[in-house]
Amino acid sequence: MTSNDGKAEARDSMSSTSTGHGLRSGAGWIASADVSIQDEFLNGLDEGELMALPFLFEFWALDHQLPPEGDWRAWVILGGRGAGKTRAGAEWVRAQVEGARPGDPGRCRRLALVAETIEQARDVMVFGESGIIACSPPDRRPEWESVRKRLVWPNGAEARVFSAHDPESLRGPQFDGAWVDELAKWRRGQDAWDMLQFALRLGEEPRVCVTTTPRNVRVLKTLLDAPSTAVTHAPTEANRANLAESFLAEVRARYEGTRLGRQELDGLLLEDSEGAMWTAAGLERACVDIVPELDRVVVAVDPPVTGHKGSDECGIVVAGVTMRGDVRNWRAYVLEDASLGAATPSKWAEAAIDAMRRHGAERLVAEVNQGGDLVESVVRQVDPVVPFRKVHASRGKAARAEPVAALYEQGRVFHARGLGALEEQMCAMAVGGYQGKGSPDRLDALVWALHELMIVPGGNWMQPRVRAL
């Protein structure tokens, strides 16, 4: 392709505003083109085109920031912190209210802007760095009327600001569109959302855009399950070009791999199963930044039956204990989840021995229900003298996990950060059985590790108390 062809293609993409398809492809093409082609394209634009280019959001937007096609009533943008959700919401509002020219009517005339508080709606959605006013070109920029708490556009469209703390304020007004920000953290989320739905009754097809970091709350889960909801999603990293590198480095170092990080950075909705033995809130409270000097460390393995591509994971968990005074005062610390995907016996055995060496572990504990003596044989091929203990499961997974869950309830087990995948399995284990996908191999390994460190030494004191819970 010649540079002239490239310039023509990019110009065509700028003019394809009816559906946005050209714009979606144009920005990606320009971004990956040679610098000489980029310069030639930009130098070929007239003054008006250059002034308009920064405000053609579809030309610059990330995929998750663009409205899905098809028939939907609610568009939910799930994203990590800094993933560009606010910019996407502000640009969606622009697309609803603006016409072809500044004075022309758009699709919507009366919108609701709803945040947790009036101040958050004003400071983030209206005046924020990625808010509506900052995103609007000068000839289409709305005016803020502070007394009436509303934006008014040159074409007469208006958007009123509301607080989710006051759901009743949505009783009475009516709208043909709405932008809702951070729905998952509203304290009165369900009440405010319900009132908004009754207010969305103008126009032929009133729609709502929801921008939120996910949390395990009923109002969000119900919305996501609705057939009329469309969803786009992105982690914080997707918008790294617009974020400070120091911010990314700091949050990666502190939260990457943790359950909180999977929610706040990866933008994933992490659910607790009904009747779960562990909850996200409880595990977050158990997280520590500093692990004390430990008296004993073990590595526990829950090996898969086979090592082919479709096998279960191999759970490998490292944990240690401080043995101060009576066993009731001992405290356990989960140090690492070294689990592997489908792996051959030699691979998981090598990984388990490596974990022992990294942490100076005194013993390797392995479940032998599936492999029998073969499990120990595989391990000893890697290290013939490794201290090894075979354990055999005589009860179901949920029953084995209950005594360990009791240790957490007593505040006797703590987690190093970076155990997000393990903690996800823990929150899916309920009294009635495992509610997650596949097999909870990481959780099984954790159970065996803590059983070895805390329950076996507890002897007669621990066992009856746990069974009674």
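This is a predicted model: local features need pLDDT of at least 70, side-chain atom pairs count only at pLDDT 80 or more; totals for chains, interfaces and linings use all residues.

**A close look at the sheet**

Tutor: Strand E2, residues 110-115, and strand E6, residues 177-181, run parallel and are joined by four bridges. Both belong to an open sheet of eight strands with mixed pairing, in which the order is E3-E4-E5-E2-E6-E7-E1-E8. At the edges stand strand E3 (143-145) and E8, and because each has a single partner strand, one side of each is left without a neighbour in the sheet. On average, and with direction ignored, neighbouring strands of this sheet are turned by 20 degrees against each other.

Helix H10, residues 218-225, lies across E1, E7 and E8, and runs at about 120 degrees to E1.

Since the limit for a buried residue is under 20% relative accessible area, Thr 229 counts as buried because its relative accessibility is 14%. Apart from neighbours within four places in sequence, Thr 229 is in contact with Ala 74, Val 76, Leu 223 and Leu 224.

To place this part within the whole, the protein chain has 18 helices and 17 strands, and 48% of its 469 residues count as buried. Of the contacts in the chain with a separation of 6 or more, 69% are between residues 24 or more positions apart.

The largest nonpolar core has 37 residues, and those with the most contacts inside it are Trp 278, Val 334, Tyr 408, Met 426, Leu 446 and Leu 450. At least two residues of this core come from each of several elements, among them strand E10 (296-302), helix H16 (397-409) and helix H18 (441-467), and the largest share, 10 residues, is supplied by H18. Leu 450, leaving out residues up to four places away in sequence, touches Ala 319, Ala 332, Val 404, Tyr 408, Val 413 and Ile 455. A second, separate core of 27 residues includes Val 301, Tyr 333, Val 368 and Val 378.

Key: Residues are numbered from 1 along each chain as its sequence is written. Side-chain values use heavy atoms; hydrogens and water are left out. Buried means under 20% relative accessible area, exposed over 50%, partly exposed in between (1.4 Å probe, protein chains only). Contact means heavy atoms within 4.5 Å. Two strands pair if DSSP finds at least two bridges between them. Axes are lines fitted to C-alpha atoms, for helices over the stretch in contact, and angles run from 0 to 180 degrees between N-to-C directions. A nonpolar core is a set of buried Ala, Val, Leu, Ile, Met, Phe, Trp, Tyr and Cys residues joined through side-chain atoms within 4.5 Å.
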